[in-house]
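Visitor: Could we go through this one together? I'd like to start with some strand pairing and then move on to other things.

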Amino acid sequence: MTQPNNPDTRYLADYQPFPFILEETRLDFDLAPDATRVRANLKMRPRDATKDLVLDGGSAVELLSLHIDGKVPDPALVARDDETLTIAAAALPDAPFSLTTEVRIDPSSNTAFEGLYLSGGMFCTQCEAEGFRHITFYPDRPDVMAPFRVTIRSEKPILLSNGNPVSVGDGVAEWHDPWPKPAYLFALVAGDLVAVRDVFTTRSGRRVDLNVWVRPGDQDRAGFAMESLIKSMKWDEDVYGREYDLDVFNIVAVDDFNMGAMENKGLNIFNSKLVLASPETATDADYERIESVIAHEYFHNWTGNRITCRDWFQLCLKEGLTVFRDQQFTSDMRSAPVKRIEDVRALRARQFREDQGPLAHPVRPDNYQEINNFYTATVYEKGAEVIGMLKRLVGDDGYARALDLYFERHDGEAATIEDWLKVFEDATGRDLTQFKRWYTDAGTPHLTMAEDWDEAASGGQLTLTFSQRTPPTPGQDDKPPRVIPVAVGLIGPNGDEVQATRMLEMTEAQQSFSFDGLGARPVVSALRGFSAPVVLDRNIDDATRAFLLAHDTDPFARWEAGRDLAMSALISLSQGQAAGADYIDAIGRLAADDGADPAFRALCLMLPGDEEIATRLAAEGVTPDPDAIHSARDDLARRVADAHADLLSDLYDSMAVSGAYSPDARSAERRSLRIAALGLLNRIDRGDRAEVLFGTAGNMTERMAALICLIRRGRGQAALEALHDQFDDNRLVMDKWFSVQVMAADPAQASGIAQRLAARNDFDWKNPNRFRALLGGLAGNHAGFHAADGSGYDFTADWLMRMDKVNPQIAARMSTAFETWPRYDAERRENARAALQRMAAMDGISRNLREMVSRMIA
Ligand code: ARG
Ligand code: ZN
């Protein structure tokens, strides 16, 4: 990924501390939609008096005045370019000084939603990673931390910023945040808002006012977010000993937001889709997502805010850890095995895919042009997997000691991955030199397992030999072996476990481990709990997989056995060979097993998606054919439905949840099995059940599932119209409406449908959610996006170029739809390359999109 000669490239190796100390930040805002004035008063002290003071400030920040200790400096000693304001050392005292600036900015023309902008008439901010520089001149880097005092003047009734309220008057409010923080954690909100309120008392007795702020009319959809917040606060005290540290905690929902949510100190700002939920408008998956993102942002208060990152290369320090923590939280609130399986599915779908192509990068990248392009599945989700491995290697106690030490040693600091690993070394005495490769080396290791059975040796000896190999990634050809924790158990021929889970620690390129005294040859249950983010290759037949699906005691490995069985059938089918009998047989037995929990059975009944099949084929060096994959999947699903029609129909009926809808885990799990059965039955009942369900279900979970079924059967029109009539004033439901009809469309029609939808008046494309709904819907239709004639690529490229002029961050992010292009056939590659080149050649292309397309073309 290194792109030498590009002046925009930043390198980890070039880190230099900021030559000034910032002691306090005072900000004064006069809000007006197109002419907001910001007065900033920075109390500073030179660390090195020979250095110029370089402040970041975007080109749209207009400097009105500048004073140092109350005096205007010699203009010859002040220089402005597009990105900075430099004050020469000669203009600065060699002692503490105060720097005052006044600037004018125009929130109404901020369509990139970075810095201060307007969303539906409300002022709000997004400063991570480098948005604060679009608000005022400032050392906009995470290692410069200061307490903030903020005054907001505006006619809007509700005025919020970080920290505790000092005074709230008519048209003015003052906030004080005593905890030193970097600018990326700054936030301001001014709008016509109402709150759902509650109170939380911390375990040491601090009373915290909790508010979830929404637009008037949305209060009745904010209760679940509040419940989730309270659970998160309690959990972080119970499990990590972390208490909240201010008198108020505010959450605000906004409709225009580039990402999911943001952990600004004491004032989290959320994409409204991650706050608002009601049974009629949100699915079970939406509820689960809201619960986990509320937790994620709250957990950042310690992992991210109290301890932040020294520089943006260390992003995984806060994100990987906070994702790991929110995953633990969800496992505690819901079914832990189901959560683990869901996380692995998501990791494979997004991160393995990223690691396999031109955008592969390490969990801690060492160079970038635009940091917003590195808020990726690798940094977040693989970053969390790496922490899971650390925990497996040092044990639960070691992990707890290391975390305590981390909070104690680094509270109030901006830390690095080296600091993070050092607390583990100091707390456990373990050398993590080799482990660090998980942070510095990109790519998904392939692990091969060979078995050797010796009946005569040591009362029956099984030897497992593992070899590891990581394919090269951009800029990194050489991949030395990593530490890989491989959790293994053994199942005897009668189905009983004969060896409980043992953590094998692999450190060499090739390594063997033996198990003695086994008597009869057992079946190996490998990579239990998905103990490392690797691709496991083993020589195993379908009968053995079916045996594991029936008997494995580890839920992940058991699910994985079924997954492998399905995958091997799908791969054979996609290559024109007959297959699937073993899978159909085994899956029927599992689905009928009332002892297994419903969500687990649902996960087992779901076939791998087209994208996952393509990724697996590519990992094996086979060129995926999107159309063949799509029909193989159709074919296998239909045969499962045919073989088990009665059983599925029983499940569909018996898993119905009676009474009023509740989003709790147990009800959601029953619904998930019901929906999985529906999806299969839909192949053989022409959509009749789905039609009834769509018309009668009182909750969005089942209605959405039914709608997808109807679209798949080519009879979704009436349901789509009904949904539109009912919810055309609800943006979140309309987003689903846009996305589902493209995502579930017959691939041959997908880009045509997307084209038609894009022409509608209500395709409000500058809204990131709406844009993502449509473009992401198409990208999620594997054979549709990768249509051989290039229509999916062209449609996407056209819209990315249009979006790039308005919101580069969103354009760059959505361009990842192309990241797998090199793995397809020559015709598709030609079409994709042409689309990428068209984008690269665009006049005025943003730094964001330019970096992405050039990495993809390289
Ligand atoms: N820190 C936020 C989170 O993890 C993500 C913010 C990313 N924003 C951005 N513009 N890159 O929840
Ligand atoms: Zn985060």
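Visitor: How many residues lie between strand 16 and strand 17 in their hairpin?
Guide: Bearing in mind that this is a predicted model, the hairpin formed by strand 16 and strand 17 has five residues between the strands, and Gly-205 in the turn has a positive phi of about 100°.

Visitor: And how many bridges join those two strands?
Guide: Strand 16 (residues 194-201) and strand 17 (residues 207-214) run antiparallel and are joined by eight bridges, with Val-194 having Val-214 as its bridge partner in strand 17.

Visitor: What about strand 17 and strand 18, parallel or antiparallel?
Guide: Strand 17 and strand 18 (residues 248-254) run parallel, joined by five bridges, and Leu-210 stands opposite Phe-249 of strand 18.

Visitor: Which hand does the β-α-β unit have there?
Guide: The unit made by strand 17, helix 1 (residues 223-240) and strand 18 is left-handed.

Visitor: Switching to the largest nonpolar core, which residues touch the most other members?
Guide: Among the 248 residues of that core, those touching the most other members are Leu-188, Val-189, Ala-225, Val-252, Ile-269, Val-275 and Leu-707, while helix 5 (residues 377-410) gives the most to this core, with eleven residues.

Visitor: What does Val-252 touch, then?
Guide: Leaving out residues up to four places away in sequence, the contacts of Val-252 include Cys-124, Leu-160, Trp-213 and Phe-270.

Visitor: Last topic: which residues come nearest to ligand 1?
Guide: Of the 13 residues around ligand 1, the nearest are Glu-128, Met-259, Met-262, Asn-372 and Tyr-375, and by class the shell has five nonpolar, four polar and four charged residues.

Notes:
Residues numbered from 1 in each chain as written. Chains lettered and ligands numbered in written order. Predicted model: local features only at pLDDT ≥ 70, side-chain atom pairs only at ≥ 80, totals over all residues. Pairing = 2+ DSSP bridges. Helix = DSSP H or I, 4+ residues; strand = E, 2+ residues; numbered from the N terminus. Right-handed = clockwise from strand over helix to strand, strands pointing away. Core = buried A, V, L, I, M, F, W, Y, C linked by C-beta atoms within 7 Å. Buried ≥ 20, exposed ≤ 12 C-beta atoms within 10 Å, placed from the backbone. Contact = placed C-beta atoms within 7 Å. Near = placed C-beta within 6 Å. Nonpolar A, V, L, I, M, F, W, Y, C, P; charged D, E, K, R; others polar.
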